[in-house]
Amino acid sequence: MTTFNDVFDRVPTLAWRAPGRINVIGEHTDYNDGFVLPAAIPHGVTARVAPRSDGLVRIASAQVPDAVDSMDLTDLTPGAVSGGAAYAAGVVWELARRGHAVHGVDIHIDGDVPRGAGLSSSAALECAVAGALNELFGLRLEQRMLIDVAHKAENDFVGMPCGVMDQSAAMLSQAGHLLFLDTRDMTVRHVPFDAATAGLDLLVIDTQAPHRLVDGEYARRRRECAEACGHLGIASLRDLEPHALPAALPTIDPVLARRTRHVVTENARVTDTVALLEGGADPRGLGALLSASHRSLRDDYQVSSVELDSAADAAVAAGAYGARMIGGGFGGSVLALVDGDRRDAVADAVSAAAKEAGLPEPVFLSVQPSQGAGPCPV
Ligand code: GAF
């Protein structure tokens, strides 16, 4: 593992750290003006930066030794940088595109968010870089603006048409709370959630399954949602209430109807989850909502996979209160709500099911809702 000093032969000026995230509920709702309920995880990405007197942007990573991407600020264009460096370069590009005074800079990235696990290592990277450059260049951009910069960097530089959930979770999360975000007006409410005190464990099951066709399928789902809105004469699927589904769905193509049903019912599951937690009910009740979300993502939205289904089913069979795939789908992780003292038994059962089905051996992480992005020691 190489440090900033190893690669650039000088010391960094400052550093920012941003966390990865889980999403408790509200999947594929963020690009439909809907509700999400993510939380930051203890794992994160640190960006260390130092200014340069020329116009060079150099990007290195502790996890990819011997590879330094180096380019002139004026040569930054979408497609010019690939791999992990593109997320950092995209933030520099987006700041410059908005007319902010960015100059040459050395950037070093170091993180422990498992990659490809659906835990948003890319949003963590973007937000860490956005926060660090904001401070380094004295741009004085507010958190909301940094979220927008990171989000647009991913959409327009990296080319992934994601919604705004992951960058918001990385920036706005508070320790011990879930982040209830309305993606239509970007209002947030911090919902207290202390799993450990309730004797519960938030178990992340990284299926180790490679993402398959995620980007193409993700973009297709976005198009399908837009198409459904066109037929239904609404601006976004957020505008459809659950009680209107029986009349609306038979009027559109069956595939679009399934996508619509997922988004509308998922929004309702988010508000039900918030009501349950804020109403002081037993958080174990959340399990049924998680499992309902998984079924909807599997059957209506069709973004699950054999690995995700195996993990979710085995976790529930072994005593989890509920389990569901998180993130974009087609691989990545499952989140299971389990009693703390059943955690290992559930993990063993999930591993055994994967082995029996000839699937990769999953990796397990227990997480607590953690603090969002901010400056950290260099
Ligand atoms: C990915 C995207 F980046 C998010 O914006 C969100 O749409 C999620 O998939 C699905 O809920 O993480």
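View 1. Phe364 in β11 is the bridge partner of Ile205. The model is predicted: local features need pLDDT of at least 70, side-chain atom pairs count only at pLDDT 80 or more, and totals for chains, interfaces and linings use all residues. Residues are numbered from 1 along each chain as its sequence is written. β8 and strand β11 (residues 363-367) run antiparallel, joined by five bridges. Strands are DSSP runs (E, at least two residues), numbered from the N terminus; helices are runs of H or I, at least four residues. Two strands pair if DSSP finds at least two bridges between them.

**View 2. Strand β8 against β10.** Seven bridges pair β8 with strand β10 (residues 333-339) in the antiparallel sense. Here Val334 of β10 stands opposite Ile205.

**View 3. The two faces of β8.** Seven of the seven residues in β8 (residues 200-206) are buried, meaning that 20 or more other C-beta atoms, placed from the backbone, lie within 10 Å of a residue's own. Leu200, Leu202, Val204 and Asp206 point one way. Asp201, Leu203 and Ile205 point the other way.

**View 4. The ligand shell.** Glu27, His28, Asp30, Tyr31, Cys162, Gly163, Met165, Asp166, Gly327 and Gly328 surround the ligand; a residue counts as near if its C-beta atom, placed from the backbone, lies within 6 Å. Three are nonpolar, four polar and three charged.

Methods:
Ala, Val, Leu, Ile, Met, Phe, Trp, Tyr, Cys and Pro count as nonpolar, Asp, Glu, Lys and Arg as charged, and the others, Gly among them, as polar. A residue is buried if 20 or more other C-beta atoms lie within 10 Å of its own, exposed if 12 or fewer, and partly exposed in between; C-beta atoms are placed from the backbone.
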